[in-house]
Amino acid sequence: MDTPTPSTRPAGWFDADDAPPGPDLATCIHCGLCLTACPTYRTLKTEPDSPRGRLYLMRGLAEGRIAPSDALVTHLDRCLDCRACETVCPAGVPYSQLLEATRGQIERRTRRASLARLAGTWALRAVLPHRGRVQWVASLLRLSQAPPLAAIARAMSERGVLPRVMAQGLAMTPAIAPRAARPLEAVARALPAGARMESRAGGLVFHPAGTRRDVVALHTSCVMPAFFPALDHATVQLLLIAGLEVRVPAARTCCGALQAHAGLRAEAKALATRNTAAFADGATFIVSNSAGCGAALRETGHLLHGSPAAEAATSLSTRARDVSEVLAHFGLPEPARTLHAPEDPARPLRVTYHDACHLAHAQRVREAPRRLLRALPGVELVELPDADWCCGSAGTYNLSQPDLADAQLVGKLDRVAQVAPHVVVASNPGCLLHMQRGAEARGMRVRQAHVVELLAEAHLGAGH
Ligand code: SF4
Ligand code: SF4
């Protein structure tokens, strides 16, 4: 691990460029209430793998007592950035902001070359911020899902020929829709009665039937339009039947969450600046259907603090909402269908809800999705024990730290097995894919679904 020479080092290890603020680091009172909330501490039982321990390490860097050794960086890398520690912290330590600023300094000022890291950084820099490139990758993966290639890939995975990261990535990839079915414009073929789509220079505008109740803008994330287009389509349709005008700015871009988690601060800030400009048009709420993206949008004001875009970025942050909050706030009409158990139409559909970390801990949204689910006819909502414990997905964590990610997954699926639902609902696609892969590997017959999917089935009908 390379570190700056002592002669170039200021009082602490951090330089002045975007360092974690000392006063924030000093807010930790070492009470330890966060320890049992932390997934890595629960698994590893070591202080440096706890929030308190990691803060102590960051403070050591800030005070110049230590330098970023391989061991220190490993403890920071093991953090899922799940923010469960923030939920329980009585001192209000802004843990995630401190971690991400620290990772930014380490990423920028130390050399950490490995093939996997280089490939990951390249994807974060050169692929995710470009919708066209993400679509291209999705099309390639779709080819690999066709019968001959899919069988070869499966056989190679089973024989251990593929590197673990690749085998796991392929196992998590959802069935990819044909290119023609992916664009948001395809919603025009299935708009609710009386609604219409308008294509303007600045993007798409969907008008609801009758008098509009308000105006919202939709952020569609980097991977959803390619890998989960039907979810975005259903989101627009639900917002329309709630009476909302939905604007989708053409200039929107990736939220930058994965870049920020990885310490790519300049990239995350550049994306935040572009989104700030794209969503400056005055929509009342900026809606996200991905918990990780929604959390990043809410952090935009903090990320761009002190920049020329700071004021507009704060406006974006204060208007960012999860789709469940917006639908619960405005209300939906009576559902058209009653849902039921897959094996017996006379029995209710047993649903449990997994709190995605970046919805529950980062955005503090817990009740809205549950309220929407409870209101669906035929749904029996059963509480999942430790519903807000991380499933281990955490962006690309399940690829970069597969053993620790699997340890969280095992705990999550054990709890799912306790309540034996037909469906596990979550509001983050990464959680759903990660849990789906784990459930299939265990032979569990349980469907994973986004809250929007169940709402769409009840309100818009099959196939919506
Ligand atoms: S709960 Fe907060 S104040 Fe207490 S040890 Fe953890 S981070 Fe520090
Ligand atoms: S963000 Fe999550 S994994 Fe990281 S220290 Fe906090 S609770 Fe632990």
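1. Domain bounds come from an automatic or database domain assignment. For the protein chain that assignment gives domain 1 (6-109), domain 2 (115-172), domain 3 (179-330) and domain 4 (349-459).

2. This is a predicted model, in which local features need pLDDT of at least 70 and side-chain atom pairs count only at pLDDT 80 or more, whereas totals for chains, interfaces and linings use all residues. Residues are numbered from 1 along each chain as its sequence is written, chains are lettered from A and ligands numbered from 1 in the order in which they are written, and side-chain values use heavy atoms, with hydrogens and water left out.

3. The centres of domain 2 and domain 3, taken over C-alpha atoms, are separated by 27 Å, and 13 residues of domain 2 are in contact with 18 residues of domain 3 (contact means heavy atoms within 4.5 Å). About 1,400 Å² is buried between domain 2 and domain 3, with 57% of that area given by carbon and sulfur atoms; buried area is the accessible area (1.4 Å probe) that two parts lose on being put together, summed over both. Of the area that domain 2 buries against domain 3, Leu124, Arg131 and Gln135 supply 42%, more than any other three residues.

4. Helix 4 (residues 70-77) packs with helix 6 (residues 95-109) at an angle of about 140°, their axes being 11 Å apart. Helices (H or I, at least four residues) are DSSP runs, numbered from the N terminus, while axes are lines fitted to C-alpha atoms, for helices over the stretch in contact, and angles run from 0 to 180 degrees between N-to-C directions. In helix 4, Leu72, Val73, Leu76 and Asp77 meet Leu99, Thr102, Arg103 and Ile106 in helix 6.

How values were computed: Helices (H or I, at least four residues) and strands (E, at least two) are DSSP runs, numbered from the N terminus.
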